[in-house]
Amino acid sequence: MLRQIEGSQAVATAVQLCRPEVISAYPISPQTHIVEALSDRVRTGELAGCEYLMVESEFGALSACIGSSGAGARSYTATSSQGLLFMAEALFNASGLGLPIVMTVANRAIGAPINIWNDHSDSMSMRDSGWIQLFARSNQEAVELHIQAFRLAETLSVPVMVCMDGFVLTHAFEAVDLPSQEQVDAFLPPFVPQQSLDPRDPVTIGAMVGPEAFAEVKYLMHAKQVAALDEIPRISEDFAATFGRDSGGLVRPYRLDDAETVVVALGSVLGTVEEVVDAMREEGVRFGALAISCFRPWPLEEVREALSGAKRVVVVEKAFAVGAGGIVGQNTRLALSGLPTEVYNVVAGLGGRPITQASLHGLFADVVEARLDPRRLHFLDLDVALVERELARAGQGRRSGPHAENMLRDLGVVASGSV
Amino acid sequence: MAFQEIKLYQVGTSVVGNRLLDPEHRTAQARMGRSNTLTSGHRACQGCGEALGARYVLDAAMRATGGNMVAVNSTGCLEVFSTPYPESSWQLPWLHSLFGNGPAVAAGVAAALKAKGREDIRVVGQAGDGGTVDIGFGCLSGMFERNDDVLFVCYDNQGYMNTGVQRSSATPPAARTANTKAIGPEAGNVFGQGKNVPRIAMAHEIPYVATATVADLHDLEAKVEKAMTFRGARYLHVLVPCPLGWGANSADTIRVARLAKESGIFPVFEGERGEVTAVSKIRRQVPVEDYLRLQKRYAHLFANGAAGRPDIVARLQEEADRNIARYGLLGGEL
Amino acid sequence: MFAVRIHGRGGQGAVTAAEMLSVAAFDEGRHAQAFPTFGSERTGAPVVSFCRIDDRPIRLREPISHPDALIVQDPTLLHQVNLFAGLKPDGFLLVNTSRSLADLGIAELAGAFDVRRVATVPATELAREHLGRPLPNAALLGGFAALTGEVSLTAVTKAILDRFAGAVGAGNVKAAEAAFDHVLASAGARAAEVR
Ligand SMILES: Cc1ncc(C[n+]2csc(CCOP(=O)(O)OP(=O)(O)O)c2C)c(N)n1
Ligand code: SF4
Ligand SMILES: [Mg+2]
């Protein structure tokens with residue numbers, strides 16, 4: 001049914017339709033609306049057969065999911081930012097144990113400086129935690145990715161993170177076509193765990209493994225992720241057959257045929273990117289875009305194939321590896337190794353800074369007219385003067401004070417937010 | 001089979017699950033049908049109090065639940081010595097996740113069973129003192145305050161044994177550990193620190209809290225069985241001497257545990273919904289010194305010839321006396 | 001595309017207003033997207049929310065810097081925030097006040113815009129009268145329908161009832177209708193001014 005609905009409510013409904021048996025979560029902006037809605041529905045009985053645990057921390061939230069998933073229950077949690085980091089140890093544990101937990105990450109920046117707004121630093125920091133990472137471009141896609149995520153997780157017995165941009169998607173009201181319970185039931189069979197704590201068939205889960213077999217266990221984790229590269233497109237096809245909607249998959253091309261310059265990005269910014277691609281095309285510049293729907297596992301072959309016709313690739317990403325460079329950019333370069341394609345790596349939208357059509361348009365023009373050095377990491381809309389003034393202050397003596405507060409004072413603004 | 005008549009006083013706390021008793025009075029361990037939940041072949045040290053405690057606790061819980069039980073274990077000696085790859089000593093469904101999340105994982109298992117309508121299957125969580133009172137404390141408190149249907153058992157050997165005997169917040173004052181060595185002006189662990197988690201558990205007003213030692217295994221089993229008659233969060237704190245970490249003779253584990261109780265340094269009691277409901281009285285009071293002298297972790301208190309540190313021994317005796325007064329451990333009916 | 005920016009203060013319902021506006025547009029078969037500026041939601045803090053309305057799917061995700069219409073929920077913001085930034089010369093301006101723009105000291109600023117597209121409405125007073133509480137957001141949507149014709153009053157009242165049940169919904173609808181009438185009635189006067 002097509003409804004004008006907040007992204008968080010739509011995702012809560014999608015999760016509800018997947019019939020989770022245990023939900024365990026800890027509040028953090030901007031994930032809150034999702035879990036509040038789910039706790040309401042458990043209370044009213046609208047979401048029946050489900051236990052909702054109000055835990056004391058994100059670490060506890062995911063730990064409870066580890067227990068419940070280990071006991072054979074379909075388990076769900078959601079978090080953002082600091083919460084995802086607070087879960088870090090349990091993230092690796094859940095994937096190491098092969099527990100098919102599904103989690104929404106309402107993407108938000110990581111402090112310090114504390115910031116509640118959107119970027120991808122949180123998910124990216126956990127890219128190697130052994131979780132599959134799917135990124136939604138819109139709330140419609142977020143809904144569909146959650147339904148596919150449960151199926152994927154349970155098919156392969158791996159945990160899956162569905163990443164959606166905090167506020168930009170979670171708090172946006174837009175039309176979403178919500179599937180029916182019958183459709184979801186037809187697509188997502190009841191959970192049959194690969195391993196389960198059952199007194200009739202007692203197993204030990206989580207034993208210590210030494211050098212004799214540790215590498216093999218880890219290799220199997222890798223093999224599962226590689227298998228996901230086949231499974232994800234298959235599930236996407238099945239999804240289309242059941243719901244009549246095309247979504248999911250590994251990558252999503254936009255006007256790639258004959259494109260000379262291709263923009264690679266993840267998440268909700270693709271909408272704006274597509275607008276600018278259209279504008280560039282109208283100006284006679286052959287632009288296209290490639291959405292990375294699945295960042296982990298990294299669809300190296302698919303990315304290489306999609307980009308092989310391009311002269312230049314502009315990776316626009318909402319996170320970076322401090323001191324090293326872009327993250328999606330590095331992965332893209334790896335996919336293109338041996339090809340003459342130039343890769344421009346641009347960091348944008350950090351801490352909620354809007355990525356505007358105007359800025360993207362300017363950036364793309366710079367790329368096409370060779371005004372950008374592809375060997376450097378670029379920061380979209382960076383206030384260079386502000387940075388330089390602060391460096392000058394810092395250069396004047398040791399006790400120049402904290403950068404963040406100095407720069408805010410310089411700008412004359414006050415940061416505010418519900419944390 | 002004929003049974004030997006034995007004197008009444010032997011039936012109680014001084015007898016370890018012996019086979020001379022009437023079957024009704026035997027421990028779960030002494031019965032043919034014991035479940036051997038933690039079976040032989042594990043790699044614990046000789047005389048490990050934690051292995052003994054876990055075996056009694058889990059077998060008693062298995063008996064109480066008819067074998068319908070799941071265990072969750074935090075990282076620590078018990079987890080490491082029981083699951084050397086590719087073997088496992090566990091004869092029940094057993095899940096180990098991390099060091100600091102045992103109570104939350106157990107709560108998750110309980111939630112799953114509830115969602116599935118399988119509340120007949122009970123959940124026991126277990127950890128060392130580090131996994132319970134330090135790194136797992138937040139999760140433990142959360143599990144308590146939500147009153148999740150979990151019996152959580154802390155095997156208190158008063159230190160981080162698995163990583164080589166470091167101090168935990170359950171390490172008693174003056175005890176030497178790898179990072180509270182008997183060096184400097186204040187030798188061993190300092191006074192005035194640490195926390196009393198059984199009392200903190202009671203402050204959550206959960207249905208049942210108890211302490212026990214591996215010296216009185218009848219009492220330990222009885223408390224486990226009693227705990228399993230309650231629904232909701234329950235906490236059992238068991239003193240389990242660690243021969244390695246305490247520098248005690250492997251053959252003295254039970255004796256050391258008994259002296260901890262008989263000196264009053266480790267009070268044994270039960271509480272329900274925040275109130276103490278029963279205490280195990282001291283049978284034959286002994287000075288704390290008798291307890292301390294068996295353990296090399298206190299050797300610095302008695303070293304340097306005759307001098308030693310009688311002042312510190314006296315402070316420890318004061319702590320025992322305080323427990324005796326607070327819980328009324330002396331006198332009255334046994 | 002028709003882009004609306006709403007300026008209010010935390011607690012006045014600026015975010016809810018944008019959401020209800022998007023629901024009203026959706027109800028009339030159009031595509032709509034509402035979203036807040038996020039974070040500073042504490043009572044009294046300046047809040048901005050946005051709504052885009054279009055006849056085709058909306059892909060843009062950036063905040064609205066060049067609105068076609070501006071709704072000012074709290075005139076005390078007029079001197080604090082650069083409210084009119086980016087408002088197109090032929091844009092619509094709806095201000096919640098019982099005073100005149102001249103009294104508010106912004107006659108000159110507002111003078112830059114087409115007088116037929118500028119309106120005031122005492123939404124707080126209307127809300128107090130019909131709802132019993134000084135929450136101007138629903139009333140302003142009624143005024144917005146009258147001023148711009150982007151959505152119908154029927155769609156606005158439906159969206160209000162969709163969000164608020166019972167007496168609160170009914171009171172908000174009454175306030176919206178009153179604001180609608182007020183803006184329509186004053187339209188004649190404004191048209192006369194042009195002539
Ligand atoms: C997050 C984390 N920090 C530290 C460790 C290392 N570690 C493993 S077990 C342990 C101590 C266990 O102490 P306790 O819980 O008292 O159990 P014991 O071994 O004494 O039975 C430590 C410090 C760990 N596994 N995980
Ligand atoms: S170190 Fe202590 S607790 Fe660990 S196995 Fe040995 S005796 Fe048991
Ligand atoms: Mg210990």
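This is a predicted model: local features need pLDDT of at least 70, side-chain atom pairs count only at pLDDT 80 or more; totals for chains, interfaces and linings use all residues.
Residues are numbered from 1 along each chain as its sequence is written, chains are lettered from A and ligands numbered from 1 in the order in which they are written, and side-chain values use heavy atoms, with hydrogens and water left out.

**View 1. Extent of the interface between chain B and chain A.** Contact (heavy atoms within 4.5 Å) involves 39 residues of chain B and 37 residues of chain A. The buried area, that is, the accessible area (1.4 Å probe) that two parts lose on being put together, summed over both, is about 2,800 Å². Carbon and sulfur atoms give 65% of this area. On the chain B side, B:Tyr85, B:Leu95 and B:Leu98 lose the most area to chain A, together accounting for 20% of what that side buries.

View 2. One salt bridge is formed by A:Glu21 and B:Lys116, whose closest N and O atoms are 3.0 Å apart. Polar contact (a pair of N or O atoms within 3.5 Å; within protein, one must be able to donate a hydrogen and the other to accept it, and residues adjacent in sequence count only if both atoms are side-chain atoms) is found for 13 residue pairs across the interface, both residues being at pLDDT 80 or more. Of the side of chain B that touches chain A, the largest share comes from α4(B), with nine residues.

**View 3. Strand pairing between chain A and chain B.** Helices (H or I, at least four residues) and strands (E, at least two) are DSSP runs, numbered from the N terminus; two strands pair if DSSP finds at least two bridges between them. Strand β9 (residues 204–205) of chain A pairs with β2(B) in the parallel sense over two bridges. Within β2(B), B:Leu95 is the bridge partner of A:Ile205.

**View 4. The magnesium ion (ligand 3) in chain B.** Donors (N, O and S atoms within 2.8 Å of the metal, or 3.2 Å for Na, K and Ca; water is not among the atoms, so sites may look incomplete) are supplied by B:Asp129 (OD), B:Asn157 (OD1) and B:Gly159 (O), at 2.0 to 2.1 Å. Their spacing along the chain is D-x27-N-x1-G. B:Asp129 lies in helix α5 (residues 129–134) of chain B and B:Gly159 in the loop between β4 (151–156) and α7 (197–203) of chain B, so the pair ties together parts that are 30 residues apart in sequence.

**View 5. The interface between chain C and chain A.** Chain C places 21 residues in contact with 31 residues of chain A. These chains bury about 2,100 Å² between them, with 52% on carbon and sulfur atoms. Five salt bridges are counted here; one of them joins C:Arg56 to A:Glu275, with the closest N and O atoms 3.5 Å apart. Eleven residue pairs are in polar contact, both residues at pLDDT 80 or more.

**View 6. Strand β2(C) against chain A.** Strand β8 (residues 173–177) of chain A and β2(C) run antiparallel and are joined by two bridges. The bridge partner of A:Phe173 in β2(C) is C:Ala34.

Conventions
A salt bridge is a side-chain nitrogen of Lys or Arg within 4 Å of a carboxyl oxygen of Asp or Glu.
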